[in-house]
Amino acid sequence: MKRVRSLTDAPLSDFLREARLPLRLAFNGASGYPLLASLWFAPVGEELWCATQVDAAVAKRLAADPRCSFEISEETMPYRGVRGRGTAAIIADRGPDMLDTLIERYLGAERSDFAKWLRARADREVAIAIEALDLVTWDYSKRMDGGK
């Protein structure tokens, strides 16, 4: 594992730009127990951006308490990823645009029924901007490749 200072540090920025994985976001629930949500994400400068419905628990809870943790990692060998903690901001007027960015990123130019369904609800989307405060990365490629 390696501590990094910034989301724009290479090779982390390359991993984030290329990854089509969910961001697992942990946030504080009203009950005091942590909650977890998997969201599509896009790296934008020093932030990770997501989108969700305005009435989703993740949006409501982050508005009440912006502290969060996250992980973006591969579930197959050679196992690479990043995890961190940070603060999240809910940005209502960026929701529909961020949804379009995420659809393009994860589904491409495809005009599937799923993409149409998501866009039909765009007026209720809010963006989530996560500012990372502490980051740790790992990449076991060399170890699992026999050190080659």
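**Rings, Strands and a Helix Face**

Visitor: Why is Trp40 called partly exposed?

Guide: The model is a predicted one. In this model Trp40 has a relative accessible area of 24%. Buried would require under 20%, and exposed would require over 50%. The value of 24% lies in between, so Trp40 is partly exposed.

Visitor: How many aromatic pairs does the structure hold?

Guide: There are three aromatic pairs. One of them is formed by Trp40 and Phe114.

Visitor: What makes the pair of Trp40 and Phe114 edge-to-face?

Guide: The ring centres are 6.1 Å apart, and the limit for a pair is 6.5 Å. The planes stand at 85 degrees, whereas edge-to-face needs over 60.

Visitor: Why can the pair of Trp40 and Phe114 be said to tie together parts of the chain?

Guide: Trp40 belongs to the loop between strand S3 (34-39) and strand S4 (42-44), while Phe114 belongs to helix H4 (residues 113-120). These parts are 74 residues apart in sequence, so the pair ties them together.

Visitor: Is Phe114 buried, partly exposed or exposed, and how do you know?

Guide: Phe114 has a relative accessible area of 42%. This value falls between 20% and 50%, so Phe114 is partly exposed.

Visitor: What makes the pair of Phe114 and Trp117 stacked?

Guide: The centres of Phe114 and Trp117 are 6.2 Å apart, with 15 degrees between the planes. Stacking calls for planes under 30 degrees apart, so this pair is stacked. Phe114 and Trp117 are three residues apart in helix H4, which separates them by about one helical turn. Trp117, at 46% relative accessibility, is partly exposed.

Visitor: Which residues do the ring pairs link into a cluster?

Guide: The cluster consists of Trp40, Tyr106, Phe114 and Trp117.

Visitor: How do you know that the charged end of Arg94 sits over the ring of Trp49?

Guide: The charged end of Arg94 is 4.5 Å from the centre of the Trp49 ring, and the limit is 6 Å. The angle to the ring normal must also be within 35 degrees. In a second case, Arg105 lies over the face of Phe41, at 4.7 Å from the ring centre.

Visitor: Why are strand S5 and S8 said to pair?

Guide: At least two bridges are needed, and seven join strand S5 (residues 47-53) to S8, so the two strands pair. They run antiparallel. Within S5 and S8, Trp49 has Ala129 as its bridge partner. Strand S7 (residues 80-91) also pairs with S8 in the antiparallel sense, over twelve bridges. There, Gly84 stands opposite Leu135. Strand S1 (residues 2-4) and strand S8 (residues 125-139) are joined in the antiparallel sense over three bridges, and Arg3 is opposite Val136.

Visitor: Which residues of helix H2 are buried?

Guide: Val58, Ala59 and Leu62 are buried in helix H2 (residues 57-64).

Visitor: How do you know that the buried residues of H2 line one face of the helix?

Guide: Viewed down the axis of H2, the buried residues fall within an arc of 100 degrees, so they line one face. Their cover includes strand S2 (23-28), S5, strand S6 (67-73), S7 and S8.

Visitor: What makes the link between Glu71 and Ser73 a polar contact?

Guide: Their side chains come to 3.1 Å, and the limit is 3.5 Å. Glu71 is part of strand S6. Beyond its neighbours within four places in sequence, Glu71 has contacts that include Pro22, Val82 and Trp138.

Key: Residues are numbered from 1 along each chain as its sequence is written. This is a predicted model: local features need pLDDT of at least 70, side-chain atom pairs count only at pLDDT 80 or more; totals for chains, interfaces and linings use all residues. Side-chain values use heavy atoms; hydrogens and water are left out. Rings of Phe, Tyr and Trp (its six-membered ring) pair if their centres lie within 6.5 Å; planes under 30 degrees apart count as stacked, over 60 as edge-to-face and the rest as tilted. Helices (H or I, at least four residues) and strands (E, at least two) are DSSP runs, numbered from the N terminus. Buried means under 20% relative accessible area, exposed over 50%, partly exposed in between (1.4 Å probe, protein chains only). The arc is that of the directions from the helix axis to the C-beta atoms. Contact means heavy atoms within 4.5 Å. A polar contact is a pair of N or O atoms within 3.5 Å; within protein, one must be able to donate a hydrogen and the other to accept it, and residues adjacent in sequence count only if both atoms are side-chain atoms.
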